[in-house]
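This briefing goes through one protein model by topic. The sequence and structure come first, and the notes follow.

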Amino acid sequence: MAEKLRDLHQPIDVPLLDATVAAFYGTGSKDERTTADQILRELQNNPDTWLQVVHILQNSQNLNTKFFALQVLESVIKYRWNVLPVEQRDGIKNYISDVIVQLSSNETSFRQERLYVNKLNIILVQVLKHEWPARWRSFIPDLVAAAKSIETLCENCMAILKLLSEEVFDFSRGEMTQQKIKDLKQSLNSEFQLIHELCLYVLSEASQRTELIRATLGTLHAFLSWIPLGYIFESPLLERLLNFLPMTSYRNLTIQCLTEVAALQFGEFYDMQFCKMYTVFMLQLQTILPPGTNIPDAYANGSSEEQAFIQNLALFFTSFYKAHIKVLESTNENQITLLLGIEYLIGISYVDDTEVFKVCLDYWNILVLELFEAHQRNLDNPAVAATMMGLHVPMIPGIVDGFGSQNLQRRQLYASSMSKLRMLMICRMAKPEEVLIVEDENGNIVRETLKDNDVLVQYKIMRETLIYLANLDHDDTEQQMLSKLSKQLSGEDWSWNTLNTLCWAIGSISGSMAEEQENRFLVMVIRDLLNLCEITKGKDNKAVIASNIMYVVGQYPKFLRAHWKFLKTVVNKLFEFMHESHPGVQDMACDTFLKIVQKCKRKFVITQIGENGPFVSELLSNLPVTVADLEPHQIHTFYESVGHMIQSEPESGKRDEYLKRLMDLPNQKWTEIIGQAAQSVDVLKDHNVIRIVLNILQTNTSCATSLGIHFFPQMSLIFLDMLSVYRMYSELISSTIAGGGPFASKTSFVKLLRSVKRETLKLIETFVDKSEDQHSIGKQFVAPMMDPILGDYARNVPDARESEVLSLFATILNMYKGVMMDDVARIFEAVFECTLEMITKNFEDYPEHRLKFFSLLRAIATYCFPALYQLSSQQLKLVMDSINWAFRHTERNIAETGLILLLEMLKKFQVSEFCNQFYKTYFLTIEQEIFAVLTDTFHKPGFKLHVSVLQHLFCLAESGALTEPLWDASTVPYPYPNNSIFVREYTVKLLGSSFPNMSTAEVTQFVSGLFDSKEDLPAFKNHIRDFLVQSKEFSAQDNKDLYAEEAAAQKERERQRMLSIPGLIAPNELQDEMVDS
């Protein structure tokens, strides 16, 4: 059977092919499906199968078989069209056109074969991308003429035009070269008059067919975003569109078309037409959805079509206002309909649907930012600022410009809407990241288990919007929040959700008010919340209130720093919450304590007025009681917080005493265990003892995190004993794995022992990392570690090697830099070869070792580069092979680390005495490997770095810096004049053999372009992007990674803007601009 299908020298046996396709999609045995799959793949990959497509389409009775044939044909059109003879191209073109016309001219066949026709349309558009306009000039006139003859044919012509528009304007980036996209856009623009006439012809009551009118509206929707504006505003098109709005069956498609028109911007030329369109639209809307309708209820109870209309309505308003709101503000008459539209949009914003709310929120953010920026400019103008404060100053020519009063009028115009918008933001505030206590689907208050990223993004935008709103009118913001809070106290509006959103809103505007107003506001808020906590009964209720108190106080560190009594009350309240067993409360209490201490740490180590001594001393005395009910991970957070306090004590004597008192509990236990181990080492093998050792080390790591170099006395105390425990546990792990085989490494006992080893390494790494510029203090710990840690790594079986050893030594090298030069050989010897053996067998095993290994290699290359000169050629080859292996990795982080490392090494070798030797050995290999990852489809995120490496290589080849030939004289029959000519020729051969579908002329042109644009990075990049399209490697896939660098630059500009607005970056997120005094 299979042989018969594989023989393509005679017409294919279509019934047999139908049976094979049916077996593939059928419910037969697994073997039948596998065999069918194999046969179909072979046919798909056979370059001659496409010649049978017409025969298959004419004779097959199975729709799936026809789809299979069309898939084969589509592949040929996409990738091999230009190498086909003209007769074959014309044959395909004519056959596809004829079948489409034949099937869509008849109502019955058009409805029955709709899926097949749609696929044929897609094939036709693929042909058009190659043939039109140059080789098929009559396509649009022919299409329009055919459309006017039969209504079903007209409907399908609309579908083809829509597909064509989408291919050219929406999906072309990364699919076609930039020149090709430009040509197709120009052709569509120049031919649009015929399409425009056809659409008007259908919409002017020439047809009563609902399907045809809907198809025409759908096609128009695709075209409206790019056609010349005269076709919209200087023809009856807009008027006809508005006529369709009241009709239920066309309403959603019509409003989508109007939304595309609303988003267009073309100076002031068509302002009158935009106003007229908006006015007519609003009149019709008031009959469809009368003002005062409860839109959230209408949405909740509406059909899917009605819900879609409300969503489309939000898109229409937001698109229109983004582009044309200034025009509507210009006359009193338009202002009335504008404010009515804003009311509608606020109503829609209360709809309980995330997507609808996102659309509205996006626009509110833009509008409020505009008003805020204008308001800020006014504040910089003394006369306008005085007028805003209710003062009268004499008008000084030149000081008050027209803009000042205009901006003032604009704010007054929206004052009532903005007040309603503040209430909307307060009622719908999203949950911030810090809040861990949530209501589950059963109405229970529980600890959050997963972060919802969509909610966090929404919170960020809402917070930003509310900060602009607060800056526009602090008094209204304060009044609305306090009045809502008083209703919570009175029980009039009490609910978990209402209190939550209110407190999240209060926390989010931190830093936006003047200090005096913020202090007054916050005193009232915290007082009311504490009262609410006292008077409310029920564990769940108290947990919700506690969560909100903790969130709010954590957002206002500036206030707490300025008011010691409040700070002390809040911290003592947090200590109370640390004994509360409700899920999430203790976690949040410990997190909030850490957050507050980080911003107010100095306040705890100085003796405040009315106190007998520093708060930290009192805290250390009561420490055992405070942490009695906490879980181990919460105790670690607590210890980190107290570490921050101690770190801020300037006197070393006091600091060391506080540290000794803080570590008293863990140290007593540690001394006891080490003492028992001295008597009998078997004590350390007890599961409970191992857990206690792990917990003590984790507590130490938490303190080292916040204390940094001041952790030195404690580190000295436990360091040598800790290394002894490390060595003993390591030997125990190795002997267990050696005796118990590979599965022994998965036992709970071995996992527990490895946790202790990892924590030891983490503690040392944390201490080294945080010791900053005090190199002499941290460096003394390195020598004693060499054998217990490095030697141990080399001696261990692979499954017992800790990846943290690699990251520890990467940190040590990054911290101590060139001082470590003499130790590199020892590090290399201990970890290099044995780790490479582990990670180069495949791309999956030992994932943690992979990235950490390349981070270590990068640290050596960055800070101890001369040490690489000492390596033997065999060892250097190992290094280069491992880098090649890294950037071929499909794991993005590893590939990126490999590429960054490669670039650094290329640059450093270029300026070294070994430049010729290095590049002669590795230049061609690197070029070949980079082109391999650049043109496959798994490494697109590395595009920017691939381009940088190639740019470096080509610049170097042209620069003359390489004084020896890159080619091997023994294998090259004649010498090249210089390296540049050799590299050009080598690259042409390399790419020519890799892409047989491209002609030699195309490849040569591409390589010449690379050398011509090598000094201009953006041009160099675009040249490569076009090549990737031509080489057909990146088609039909997501290409955003090719444009990632441009997106990153935009992100940084946005951060700089945010820094300039009060409260927009929350006080607790600022890198201590708020110096703790």
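UniProt, in an unreviewed entry, places the feature "domain: Importin N-terminal" at residues 36-102; UniProt positions are given in the numbering used here, feature names are shortened, and annotations may be inferred rather than shown by experiment. The model is predicted: local features need pLDDT of at least 70, side-chain atom pairs count only at pLDDT 80 or more, and totals for chains, interfaces and linings use all residues. Residues are numbered from 1 along each chain as its sequence is written, and side-chain values use heavy atoms, with hydrogens and water left out.

**Annotated segment**
- Residues 36-102 are 78% helix and 0% strand, where helices (H or I, at least four residues) and strands (E, at least two) are DSSP runs numbered from the N terminus.
- The end C-alpha atoms of this segment, 36-102, are 32 Å apart.

**Core**
- The largest nonpolar core has 349 residues; such a core is a set of buried Ala, Val, Leu, Ile, Met, Phe, Trp, Tyr and Cys residues joined through side-chain atoms within 4.5 Å.
- Buried means under 20% relative accessible area, exposed over 50%, and partly exposed in between (1.4 Å probe, protein chains only).
- Phe593 is among the residues with the most contacts inside this core; leaving aside neighbours within four places in sequence, its contacts (heavy atoms within 4.5 Å) include Phe575, Leu619 and Phe638.

**Aromatic pairs**
- The whole structure holds 54 aromatic pairs; rings of Phe, Tyr and Trp (its six-membered ring) pair if their centres lie within 6.5 Å, with planes under 30 degrees apart counted as stacked, over 60 as edge-to-face and the rest as tilted.
- Trp132 and Phe139 form an edge-to-face pair, 6.5 Å centre to centre with 70° between the planes, and both residues are buried.
- Phe233 and Tyr270 are stacked because their ring centres are 4.8 Å apart and their planes at 25°.
- That pair links helix H14 (residues 230-233), which holds Phe233, to the loop between helix H16 (251-262) and helix H17 (271-288), which holds Tyr270.

**Backbone**
- The peptide bond from Trp132 to Pro133 is cis, with omega near 5°; Pro133 lies in the loop between helix H8 (114-131) and helix H9 (139-147).
- Lys817 has a positive phi of about 50° although it is not a glycine, and is partly exposed at a relative accessible area of 35%.
- Tyr846 also has a positive phi of about 50°, and counts as partly exposed at 23% relative accessibility.
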